[in-house]
Amino acid sequence: REAGRKTYIPVMSGENKLSWQVKDLIPNSEYYFRVKAVNKIGGGEYLELRNPIIAEDPKQPPDPPIDLEVHNPTSKSVTLTWKPPLFDGGSKIMGYIVEKLAKGKERWERCNDYPVPLLTYTVKGLEEGQEYQFRVRAENAAGISEPSRTTPFVKAVDPIEAPKVLLAANLQSGLEVKRGDEIRLEAYISGSPYPSITWLRNDEVVTPEEIKKRVTTYTKKKKGESLISIRECIRADHGTFTIKVENDHGVAKASCEVNVLDIPGPPVNFVFEDVRKDSVICKWEPPLDDGGSEILNYVLEKKDNTKAEMGWVTVSSTLRHCKFHVTKLIEGKEYLFRVFAENRVGAGPPCVSKPLTAKDPFSPPDSPNKPDVQDVTTSSMLVKWNEPKDNGSPIIGYWIEKREINSTHWARVNKNLVNALEIKAEGLLEGLTYIFRVCAENAAGPGKFSPPSDPKTAQDPIIVPGPPSCPEVKDKTKSSVALAWQPPQKDGGSPIKGYIVEMQDEGSTEWKKVNEGDKLFPTCECVIPNLKELRKYRFRVKAVNAAGESEPSPATSEIPVQDILEEPDIFLDIGAQDLLSCRAGTTIKIPAVIKGRPVPKTFWEFEGKAKTAAKVEATDTSSLLTIPECNRSHSGRYSITAKNKAGQKTVHVRVNVLDVPGPPKDLKVSDITRGSCRLSWKMPDDDGGDRIRGYVIEKRNIDGKAWTTVNANCASTSFVVPDLITGQDYFFRVRAENRFGVGPPAETIQRTTARDPIHPPDPPIKLRIGLVTKNTVSLTWKPPKNDGGAPVTHYIVE
């Protein structure tokens, strides 16, 4: 029956047994049981339990805890964590018992007075420098478990950690506050042992005197925080704030630029420039302190200092620069000026000037002397004059006026001031007579005009030109002479129309014209043909303008008419001498300049043979060999030969076409195992004209299409390829690389299977004879100890 009921329920009847298993009980309920014996006569008395029985599984001590770990050891404590037992013994875990064992001792000590209800515990009171082992037991209603796995020895010492400091996120880019607000700087600190903390401003420690007034600092070690606060900040509080943390293992710093915004200070160094009777230029310099914000503008004011009742008048309130030209002053009055600087906080105090009286310090210049007129033409005249007295202010220029002699009206020659002491008056009318006058101007204004010049009429004076220079022989053949000369120094006031050449035959005193006046040579050179071979001639030249022929030039000495023989000479472009290097795919150009008389014939060769792939463009004085889209086969020695009657000359140039290297040779695979193999090869036949820097090694699965780089810069001609997958088939390729790139690959033709080398297996072992009949025998054996690197496929019985 249940403990709360009075009625018993039959469970078993009529069975001749001394035990019975009662089923279908309600878990955790209390039950009473009774039993009586029955024979033929009837039943005896019941045997009844005194105390009720709770329907629950049998209880036993739990299994030991698992995964015991040590964390955060210090000189005085260590933190342990673990996981619950895999089996709680049928009863809820009430807590855990932590035990420690000091090194060199035999007895385990209990660390906690009461069972720990959590899966972590911090053991305190350790002896610094001592080594300890730890273990944990679980406890339930049935008892205490066996101990957990013992930890390795842990030494009770503080961890070593260099200090670190980091400012709050809102301070990373600096802090900007207004005057009167609070400056609040926070930092986060770590390090072991916990570092000392120092706050500095502009590399100076924040002093205790400051702390007592407006500055507060405090530190929260547990949270690793430090804070400095400055109440009611002023402009002088701006600067670089630095927190310095230090322990035995190092120093760390973090800085923040703090800007305290305030109105700017007064501008400085107010001065006057270019004082006039009605104007003045005011200049000043920016404030020494801009208040931590950009100066937006300046406000300039003036005051009539002769009248005390007069107030300040704004001249301009939108000045961006430190200079302003004040106008509309009254001559003779005394003025005061003041200027304010403004930033986005407001306007600062003013800078006041010294008193200023509006007056000119100088007078206009004197008049120049009488102008002199030169270089008269039909439309222009050159007017010159001397510099007058400037009367205290430098002369800034001159005004020039002209008048036709029969008119009363003076007209300006120049639209702008002239800085020189002469001017070319243009646009005059041919045949009219003009006079000129000049006045100077300085800062006080223009002075008086000079007396008028002498009258001059607009017309050109024309005379015959001067003689040209003596002709020079530039070239000659057996029937002609080429001459050149310099033009005359004076053209006589009229352009040179051309030149007449005269010649004198050997033994004659008569000069004959080579060309007539209607067939002038237009330039300073000519070729005189139809001369007799080996005859000697002299030559001279005359210049011709609108006024006529000049005097003849000095005559040449006697010149024999004959061919000039010059041995050929070849000049290669300076960049192509000796060695010409170029990239493959570009165009090779080898230019040559040819000299010689008569004109030499030229031809090119490549390695002693005619070069048909090249294109040659030739003139009498040059030859250009061009190879478009060159390749390595175009490397070699090129020769150009020039030949004429006087001899011949050959010049060589070596061309090196640079390209990526060719494929490596003799690529082989050896030393194959299930995880690696060795590749070996030989250098390419063609290195591309440059040193091989290394080799690129790639692999590809037999089922894949993409190549995977194994080594991007192998310096030798062999390499062990690692990380192969056992049983996988591979192809390999190797490419050489120089500074121009990676060349074509050399590839393996046959697949390579990643497996260890296969050898015959060891013999089977433990051969035994089993059942024997008259015509059979049963044999058994065990596999060989070493299968030779491959599974045993079958056995042979002999």
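Figure 1. Two strands are said to pair when DSSP finds at least two bridges between them. In this predicted model, strand E38, made of residues 472-476, and strand E39, made of residues 481-484, meet that condition with 4 bridges and run in the antiparallel sense. Within the pairing, Lys 476 is placed opposite Val 481, a residue of E39.

**Figure 2. The surroundings of Leu 185.** When residues up to four places away in sequence are left out, Leu 185 touches Leu 171, Leu 175, Trp 199, Ser 226, Leu 227, Ile 228, Phe 241, Cys 256 and Val 258.

**Figure 3. Asn 112, a buried residue in a loop.** Asn 112 sits in the loop that runs between strand E8 (109-110) and strand E9 (120-123). Its relative accessible area is 4%, and because residues under 20% are classed as buried, Asn 112 is counted as buried. A polar atom of the Asn 112 side chain lies 2.9 Å from the backbone oxygen of Tyr 96, and the side chain of Asn 112 also reaches the backbone nitrogen of Val 98, again at 2.9 Å. Setting aside neighbours within four places in sequence, the residues in contact with Asn 112 are Tyr 96, Ile 97, Val 98 and Tyr 121.

**Figure 4. An open sheet of 3 strands.** The strands of this open sheet follow the order E55-E56-E59, and their pairing is antiparallel. Strand E55 (665-670) and strand E59 (718-721) are at the edges and have a single partner strand each, so one side of each strand has no neighbour in the sheet. From one strand to the next, the twist averages 15°. Strand E56, residues 677-682, pairs with E59 over 4 bridges in the antiparallel sense, and in this pairing Ser 680 stands opposite Ser 718 of E59.

**Figure 5. Asn 16, an exposed residue before strand E1.** Asn 16 belongs to the segment that comes before strand E1 (30-31), and with a relative accessibility of 81% it counts as exposed. Between Asn 16 and Lys 643 there are 143 Å in space, taken from C-alpha to C-alpha, and the two are 627 residues apart in sequence.

**Figure 6. Two annotated stretches of the chain.** An unreviewed UniProt entry lists "domain: Fibronectin type-III" for several ranges, among them residues 1-58 and 763-798. Over residues 1-58 the chain is 0% helix and 14% strand, with its end C-alpha atoms 21 Å apart. Over residues 763-798 the chain is 0% helix and 39% strand, and here the end C-alpha atoms are 13 Å apart.

Methods. Residues numbered from 1 in each chain as written. Predicted model: local features only at pLDDT ≥ 70, side-chain atom pairs only at ≥ 80, totals over all residues. Heavy atoms only, no water. Helix = DSSP H or I, 4+ residues; strand = E, 2+ residues; numbered from the N terminus. Contact = heavy atoms within 4.5 Å. Buried < 20%, exposed > 50% of the residue type's maximum accessible area, 1.4 Å probe, protein only. Polar contact = N/O pair within 3.5 Å; in protein donor to acceptor, adjacent residues only side chain to side chain. Axes fitted to C-alpha atoms, helices over the stretch in contact; angles between N-to-C directions. UniProt positions renumbered as here; feature names shortened; annotations may be inferred.
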